[in-house]
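Notebook open, model loaded. I want to go through strands, core, helix packing and charges.

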Amino acid sequence: VTKDMIVEASEETQDDERIMEYNMIVLPSQLENGDYVDIRLSLPTGENFIVVSKERVVSTTQTGLWLKLNQEQILTLENAIVENYQINGSKLFATQYTEPGIQNPAEITYPVSDNIRSLINADPNILDEAKYALALRYNNQQQVIQRNEHIAPQLTGGSSAVAAGVATEIASVQ
């Protein structure tokens, strides 16, 4: 028996689960493999919806993440991606759980839009167009430059370098 042959009951694989890559979601700067996240959609009206709740990050890079999702979650997230693309000022982002072992999953609050679903059905290319445009929008932002050039090197430099990096990040955010 190997470690790969044992899974927790909560992580048992279902027939409709797939590992999906997303590079159009704004990621926290300290996201790591194995963290648990909610994917949220924030609209310019002030509304903030939970699209996907408490999913474990299978893998992450500077600009993307991989999640194991079932078919319903994939379709819901696709709807949110297209809606994010359609609405100027909206943002699709991930938030980390602080204590995933004891925190319950957040309740899904995102209402899947029939209009967006109809748009996806009428033009299957809209999803790819939305993913591409959002990836360009988010991956060209100052946030990614800061994450790649400032935060990552500071983390390898020791605790004083981390403290200085955090102070710089706080100052730039303010």
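I started at the β2 and β3 hairpin, which has five residues between its strands, and Gly46 in the turn has a positive phi of about 100 degrees. My helices (H or I, at least four residues) and strands (E, at least two) are DSSP runs, numbered from the N terminus. This is a predicted model, so I kept the cut-offs in view: local features need pLDDT of at least 70, side-chain atom pairs count only at pLDDT 80 or more, and totals for chains, interfaces and linings use all residues. Residues are numbered from 1 along each chain as its sequence is written, and side-chain values use heavy atoms, with hydrogens and water left out.

Next I checked the pairing (two strands pair if DSSP finds at least two bridges between them). β2 and β3 are antiparallel over six bridges, and Leu41 sits opposite Phe49 in β3. β2 also pairs with β5, antiparallel over six bridges; there I found Ile39 opposite Ala94 in β5.

**Core**

Which residues touch the most other members of the largest nonpolar core? I noted Tyr22, Ile25, Ile39, Leu77, Ile81 and Leu92, out of 35 residues. Such a core is a set of buried Ala, Val, Leu, Ile, Met, Phe, Trp, Tyr and Cys residues joined through side-chain atoms within 4.5 Å. Buried means under 20% relative accessible area, exposed over 50%, partly exposed in between (1.4 Å probe, protein chains only). The largest share of this core, six residues, comes from α3.

I then followed Ile25. Leaving out residues up to four places away in sequence, Ile25 touches Ile39, Leu65, Leu92, Phe93, Ala94 and Tyr138 (contact means heavy atoms within 4.5 Å).

**Helix packing**

I looked up α1 against α3: they pack at an angle of about 65 degrees, with their axes 9 Å apart. Axes are lines fitted to C-alpha atoms, for helices over the stretch in contact, and angles run from 0 to 180 degrees between N-to-C directions. Among the residues that meet, I jotted down Ile81 and Tyr85 in α1, and Leu134 and Tyr138 in α3.

**Charges**

How many salt bridges does the structure hold? I found one, counting a side-chain nitrogen of Lys or Arg within 4 Å of a carboxyl oxygen of Asp or Glu. Lys68 pairs with Glu17, with the closest N and O atoms 3.9 Å apart. The pair links distant parts of the chain, 51 residues apart: Lys68 is in strand β4 (residues 65–69), Glu17 in the segment before β1 (18–22). Lys68 counts as partly exposed because its relative accessibility is 28%.
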